[in-house]
Amino acid sequence: MDHGPLLQLGFLDDWTDRLRRMPGPPVVAVLLRGSYARGAATAYSDVDIDVLVSGGPYAAYPAYLVEAGDRLAHLSVAVRDVRSWLDRLDRPAEWSFGLPVVAPARLLWAHGAWRSSVDLTEIRQRPADPDLEELVAALGKVGGACTAGAEYDARLAAAELARRCPSVLRLANRAVTVASRRDALAAALNLPVAPDGYRDDMLTCLGLRPDSLPRLHAAAHRLVAGAVALARPYADELAGVVGADLATALHDGRLDRYVDQLARPDRPEASTPPRPAARPAGPADRDAEPIDRDPEPIGRETEPAEPIDRRVGTEASGRREPTIGGGPDRATGGGQEPTIGGGPDHAVGGGLDRAIGGRQEPDGGVARATSAGGGGDGATVPVPRAKESGTMPVPDLSPAAPATAPGPDPAGPARPTALDPAIAARLRRTPDGLVAAVVRAHDSGDVLMVAWMDDEALHRTLTTGRATYWSRSRREYWVKGETSGHHQYVRAVALDCDGDAVLVSVDQVGVACHTGSWTCFSDELPVTGASAGSAGPAS
């Protein structure tokens, strides 16, 4: 059933009136939330309504199955007293992986005395405090359960660990907000500053990619060890949350030792010498290329990029790709190639489908520090700071894990395509065989997003009328709107004069940005180099 017509036929008006007259405390406001408020309702969506009442603490959750044409609609109603409802907005959402929530809302009705307090277009909930202590404690639970062969206990503890990990990594990442459980999972899986192998390890610990208990233990250890390493520059900030001693332990290496101990509980503590504190990064350490690493959400069309060369102590490839336009809530990119769209290095598109680049140091590198407190062989690993994108190689100390983790899949042979040879001959591709696709609304001309196409994606776009892109990390094609419902119907495609980009004009269904914005380019930056409206110097 398509729920869309319900809104057009006065369905919500009718039910708003019914809910205002429901028995119980006097109703002071009725709000629409969830997929309807986000403009993302499908045939499987329920209708989420908050009913606010006056008086003391009150909570009830009635549900309704109602006739809507020849089908049934599910109304999920949450009735709360208005003061508790407002107080609840200052608490983190339980489902958000510790990330801040900005979710669209729509006021359906409010009493005049309360309108100014509840007439909200979006619901904001703050992020959770960095849960470092509970993250480390969860690793101990995973290790104990794995050692005892208690599979269910191990998997439950690993899932708890994975849910807490993003709250710690958030310290090193640029702010990102989520609007739904799906957004939260996608954002949690694709934080740009994260331990090496982070996404795979999160999937394993969450139970979305089941594996053996030894590998589960190894994945849990890599997540915690990597999060500890990336949290070290923020130890002073964490002291107010975790206490002075644990913050000091993060500085002096004791926490690294303890995490290693949890990974190998049978290893005597005396065999692990104390590690000196991490030394500050110096110019000699800045030898890695900026990172162009796309997020890759599950169940959402994405446009990820290749990971950096992750070998500790080795030189990166030195290759730089052209940068493309930018948008809000992303780590800014670096690079010295010409830009498309005048922005930093991102590919932007339906959901979290955008490349996230690393901020470049003056000499073109990413700040580095010693691994796990600076001891051992002296190898250095990237330690990105806030608003930088990077990966952190973490040694696997689990005795059951393989000596080395598998690397990324090779690029593989060129993909076959049916693109017209005359068009193909005019393309000027990146080393990966891609061209940038700048997407705009056909009617208004608004720039909506930026993604990547190879020859076959361009062929499919031209011949099917559906915007189709190439995912660089998943190495597969994705059609905009295939899972989100925010389809792009192609009206025109133009080739850039240099052949390295295409301009795709589309009829956009719904919104183009995962934040619920019409365009991914809604975060305007201040321009101070010239007065507004200046016509420029006279010739």
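Q: Why are helices H10 and H13 called roughly antiparallel?
A: In this predicted model, the axes of H10 (residues 213-231) and H13 (residues 254-263) cross at roughly 175° and come within 10 Å. Angles over 145 degrees count as roughly antiparallel, under 35 as roughly parallel, 65 to 115 as roughly perpendicular and the rest as oblique, so H10 and H13 are roughly antiparallel to each other. The axes are lines fitted to C-alpha atoms, for helices over the stretch in contact, and angles run from 0 to 180 degrees between N-to-C directions.

Q: Which residues of H7 and H9 meet?
A: Contact means heavy atoms within 4.5 Å. Among the residues that meet are Arg-155 and Leu-169 in H7, and Tyr-198 and Met-202 in H9. The residues of this contact divide into 10 nonpolar, no polar and 2 charged; Ala, Val, Leu, Ile, Met, Phe, Trp, Tyr, Cys and Pro count as nonpolar, Asp, Glu, Lys and Arg as charged, and the others, Gly among them, as polar.

Q: Why is Glu-237 called exposed?
A: Glu-237 has a relative accessible area of 54%. Exposed means over 50%, buried under 20% and partly exposed in between (1.4 Å probe, protein chains only), so Glu-237 is exposed. Glu-237 lies in helix H11 (residues 235-242).

A note on the model: residues are numbered from 1 along each chain as its sequence is written. Local features need pLDDT of at least 70, side-chain atom pairs count only at pLDDT 80 or more, totals for chains, interfaces and linings use all residues, and side-chain values use heavy atoms, leaving out hydrogens and water.

Conventions:
Helices (H or I, at least four residues) and strands (E, at least two) are DSSP runs, numbered from the N terminus.
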